[in-house]
Amino acid sequence: MRILIGSAHPYLPQLMGGAQSSTHELASALRDRGHDVCVVGGLTGEGWFGLRRRLELKLRRRHWVRDDQLGYPVFRAWFPPRVVAEIARHFRAEVAFFQSGFPVEMAKAMAETGIPPVIYLRNVEADDLGGRLEELNGATFIANSQFTARSFAKSAGISSSVIHPMIDADRYRTRSSRQNVTFINPHPDKGVDIALKVAETCPEIPFVFVKAWTLSSEEEESLQGHAARLGNLTIRPATRDMKSVYGEAKILLAPSRWEEAFGRVAAEAHLSGIPVVGSDRGGLPEAIGPGGTILPLDAPVEAWAEAVRALWSDEAHYQKVSAAALRYAARDEMNAERQVDQIEKILAAACERGRS
């Protein structure tokens with residue numbers, strides 16, 4: 001199959017988040033199975049990478065640019081919905097696989113091509129859809145969790161196959177030295193205020209915050225100010241080498257305020273037997289399962305600190321939850337080969353509908 005995977009959000013390396021990591025690992029897996037895959041994503045002018053692409057757009061006089069550094073073609077544009085049909089024809093796509101980042105708008109822009117759309121629902125926020133799912137006659141839907149599937153069944157009356165985000169275990173599984181409590185993506189939506197209070201309440205425990213999403217200048221200044229004031233907090237830059245992150249983590253802290261559709265970082269941590277202390281938001285409890293402690297978002301900071309200290313100091317308790325995390329990571333729903341099998345069948349069925 002010739003598969004176009006699309007989103008209006010920027011893509012690696014300009015944006016490093018769970019959706020981007022899952023997309024890259026899925027695109028690589030489909031390519032390894034012999035399919036031709038391309039990714040369409042947004043573009044920002046930030047940094048050296050953005051500056052180069054900006055110059056390419058001017059010199060080539062196109063509305064999109066292409067690079068192949070990830071092992072497959074990535075087409076980037078300022079406004080992907082405006083050019084996705086043109087790119088699809090250029091790539092000779094047979095099926096379009098749209099994800100978070102205005103998937104409805106992207107799919108409607110493709111209507112003239114006759115290429116069948118498959119929508120992978122990775123967020124539950126309506127403003128991320130770029131339209132109403134009910135408008136997409138004949139589209140196929142996949143949800144990244146039971147929570148996401150239930151949410152859209154209720155709000156849009158659609159039925160979705162549930163396939164959790166694909167994780168290439170070899171890129172994450174490692175033997176951890178258990179040196180710190182790790183918090184990934186210190187953004188307000190992810191509960192950075194709670195994480196900072198926990199770090200302040202537990203001065204005897206080292207914390208590491210790993211950046212991911214872009215922070216405003218005020219958010220960055222506040223974060224660095226807290227790190228300077230607290231003697232047990234280290235801030236690290238965003239990285240795609242997650243083994244280096246999990247290789248030092250004893251506990252993953254995930255106090256998200258956002259209505260998480262799944263909670264990929266919890267599943268990543270479980271691969272190395274790292275327990276998670278996380279909030280009860282959205283599908284995050286589904287991702288954590290028995291491999292950690294789930295707290296109400298509005299729980300007092302003392303409850304969060306108690307959950308962290310219990311795992312940090314009680315070795316018997318830690319080993320019990322760590323073993324549960326490993327077992328949970330090995331469940332069938334997180335088997336990457338099985339996930340690719342499912343997606344491959346759904347895309348093939350969509351292709352067949354398109355041909356007929």
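Predicted model: local features only at pLDDT ≥ 70, side-chain atom pairs only at ≥ 80, totals over all residues.
1. The charged end of Arg-82 sits over the ring of Phe-79, at 4.2 Å from the ring centre.

2. On aromatic pairs, the count comes to four. One of them joins Phe-97 and Tyr-120: the ring centres are 5.9 Å apart and the planes stand at 5°, so this pair is stacked. The cut-off behind that label is a plane angle under 30 degrees. Phe-97 belongs to strand β5 (residues 95–98) and Tyr-120 to strand β6 (residues 117–121), so the pair ties together parts 23 residues apart in sequence. Phe-97 and Tyr-120 are both buried.

3. A further pair is formed by Trp-213 and Trp-258. Their ring centres are 5.7 Å apart with the planes at 75°, so the pair is edge-to-face, a class that requires an angle over 60 degrees. Trp-213 is in the loop between β10 (207–210) and α7 (217–229), while Trp-258 is in the loop between β12 (249–254) and α9 (264–270); the pair therefore ties together parts that are 45 residues apart in sequence. Trp-213 has a relative accessible area of 25% and is partly exposed.

4. Next, a helix contact. The axes of helix α11 (residues 301–313) and helix α12 (residues 315–329) come within 5 Å and cross at roughly 95°. The two helices are therefore roughly perpendicular, since angles of 65 to 115 degrees fall in that class. On the α11 side the contact involves Ala-310, Leu-311 and Ser-313; on the α12 side it involves Glu-315, His-317, Tyr-318 and Val-321. By class, the contact of α11 with α12 has four nonpolar residues, two polar and one charged.

5. Two residues of helix α13 deserve a comment. Asp-341 lies in this helix, which spans residues 336–355, and is partly exposed at 34% relative accessibility. Asp-341 and Leu-30 are 311 residues apart in sequence, yet their C-alpha atoms are 9.5 Å apart in space.

6. The other residue is Gln-339, also placed in helix α13. Its relative accessibility is 0%, so Gln-339 counts as buried. With neighbours within four places in sequence left aside, Gln-339 is in contact with Ile-163, His-164, Pro-165, Met-166 and Ile-167, and also with Glu-333 and Met-334.

7. Backbone geometry has a few points to check. The peptide bond from Leu-12 to Pro-13 is cis, with omega near 0°. Pro-13 is in the loop between β1 (2–10) and α1 (18–32).

8. Positive phi values occur at Arg-92 and Asn-185, neither of which is glycine. For Arg-92, phi is near 60°; this residue is in the loop between α3 (80–91) and β5, and at 54% relative accessibility Arg-92 counts as exposed. For Asn-185, phi is near 75°; the residue is found in the loop between β9 (180–184) and α6 (192–201). Asn-185 counts as buried, at 6% relative accessibility.

Notes: Residues numbered from 1 in each chain as written. Heavy atoms only, no water. Phe/Tyr/Trp six-rings, centres within 6.5 Å; stacked < 30°, edge-to-face > 60°. Helix = DSSP H or I, 4+ residues; strand = E, 2+ residues; numbered from the N terminus. Buried < 20%, exposed > 50% of the residue type's maximum accessible area, 1.4 Å probe, protein only. Lys NZ or Arg CZ within 6 Å of the ring centre and 35° of its normal. Axes fitted to C-alpha atoms, helices over the stretch in contact; angles between N-to-C directions. Parallel < 35°, antiparallel > 145°, perpendicular 65-115°, else oblique. Contact = heavy atoms within 4.5 Å. Nonpolar A, V, L, I, M, F, W, Y, C, P; charged D, E, K, R; others polar.
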